[in-house]
Amino acid sequence: MRHSFPQVLLFALVLAAGGALVAQGRGDQQSAQGGGRGQGRGGGRAGWVTIKDGEPCPPGTTEARHLQCAPPASPAPSILDYRPRSTVVADQHLVPKAKFPVVDVHTHGTSNAAGFAQRVPEMDALNLRVLVDLSGGTNPDEIKRKVDAINASPYKDRFRVFANVEWEGAGGPGWQQKALADLRQAVKNGAIGLKVFKELGLRNHKADGTLLAVDDPVLDPIWDLAGELNIPVIIHTAEPQEFFSPLDYHNERWLELNIFGDRYRPSDIYPTFEELMKQRDHMFAKHPKTRFIGAHFAWYGNDLKRAAKLLDTLPNVTLEVAAVLYEFGRQPYASAAFFNKYQDRVMFGKDTYEASEYPYYWRVFETHDEYFDYYRPYHAFWKLYGMGLSDEVLKKLYYKNALKVEPGLPQSGWPQ
């Protein structure tokens, strides 16, 4: 009997597949019975390696059976190209608009009056009531120009400005007098707080050329003046902890640090993460009459017990959540418990203003959704989960705490 070529080919493929399944079944049975164990580091299979308890698998392999590591049959994709499709079928509750009005206490460049007409409709759609621009500048005259433009616009209650201090050359002749005078005048001109950028502690130098520490006594008059003027100080010290760790394949920020090489902080160039945390937290403790805001959750979002200890020890410190949503979304139970316990000590911030990214925050804070993407894959390759915060906690996070910590914000017209 004659067979067509397609029929013959199909029959051959079926036989081959069946043979492969039989072979696989025998191999799995042998492995289950301990076959191959103790037969050298190959474990009886091509490319398989036997390891000891606590020993990692060699590069290019993964633990396929207990204490046995195997390579993939096909070439492994790079970290950039492996994009598995999730088969999880879960309810989605997208939140394009925050449930309550929001003060974003951490933005940059948003006080430019030329962009107000375009930005305000975006803010309204997101329920963003006020944006606080932390990049007001060190020149009191520039602060005045920005504040005057805000007040002359139809949006005078939608934007606020923080001042900055020029730290370079601290301790030199006349530096202290000028820094104090400029900050005092900036507040008179409408600045509602002081923002400290990450360069303090990392790059700024004293007049004698040494690196300027965050808790250097020469800076004490600045922090004391902020307390006297009743303005908060929001401070960004250091970076995520992994930015200071060895840049190896165990570093969970490996991809980010290889895309943005200038974010890496090797210890032969920069102070360590722990040194910077010690300096900043010591500075907080030295100035109990000044209100401090730990930008980016003081970089303790990955260690909530440490964040709790900071708040328990220092009642003059509040935390804000800018650019660390990925920390809360990957540990939603612990994060929700923290936000509930310290509901009077956390505020909302975003950092980079991008309208499309805010709804990720609303979703994490307001829903119980599971296993959804973060908006920057290189920033966090893991999935996020919702914290499902109560209305009262949301109100405090979104605006109530900000109104207390930053009295220069518009104080009327908020839900009770």
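In this predicted model, Ala64 comes out as partly exposed, with a relative accessibility of 31%. Ala64 belongs to strand S2. Leaving aside residues up to four places away in sequence, Ala64 touches Trp48, Cys69 and Ala70. Trp48 lies 16 residues from Ala64 along the chain, and the C-alpha atoms of the two are 8.9 Å apart.

A search of the whole structure turns up one disulfide, and it is the bond between Cys57 and Cys69, with an S to S distance of 2.0 Å. This pair ties together distant parts of the chain, twelve residues apart: Cys57 sits in the loop between strand S1 (49–50) and strand S2 (62–65), while Cys69 is in strand S3 (residues 68–70). The torsion about the S-S bond is about -80°, so the disulfide counts as left-handed.

The largest nonpolar core takes in 110 residues, and the members touching the most others are Trp223, Phe297, Phe338, Phe339, Trp362, Phe365 and Tyr398. Helix H13 (residues 391–405) supplies the largest share of this core, with eight residues. Trp223 shows what such a set of contacts looks like: with residues up to four places away in sequence not counted, Trp223 touches Trp167, Leu194, Val196, Leu200, Val214, Val233, Met283, His287, Thr290 and Phe292.

Note on methods
Residues are numbered from 1 along each chain as its sequence is written. This is a predicted model: local features need pLDDT of at least 70, side-chain atom pairs count only at pLDDT 80 or more; totals for chains, interfaces and linings use all residues. Side-chain values use heavy atoms; hydrogens and water are left out. A nonpolar core is a set of buried Ala, Val, Leu, Ile, Met, Phe, Trp, Tyr and Cys residues joined through side-chain atoms within 4.5 Å. Buried means under 20% relative accessible area, exposed over 50%, partly exposed in between (1.4 Å probe, protein chains only). Helices (H or I, at least four residues) and strands (E, at least two) are DSSP runs, numbered from the N terminus. Contact means heavy atoms within 4.5 Å. A disulfide is a pair of cysteine sulfur atoms within 2.5 Å.
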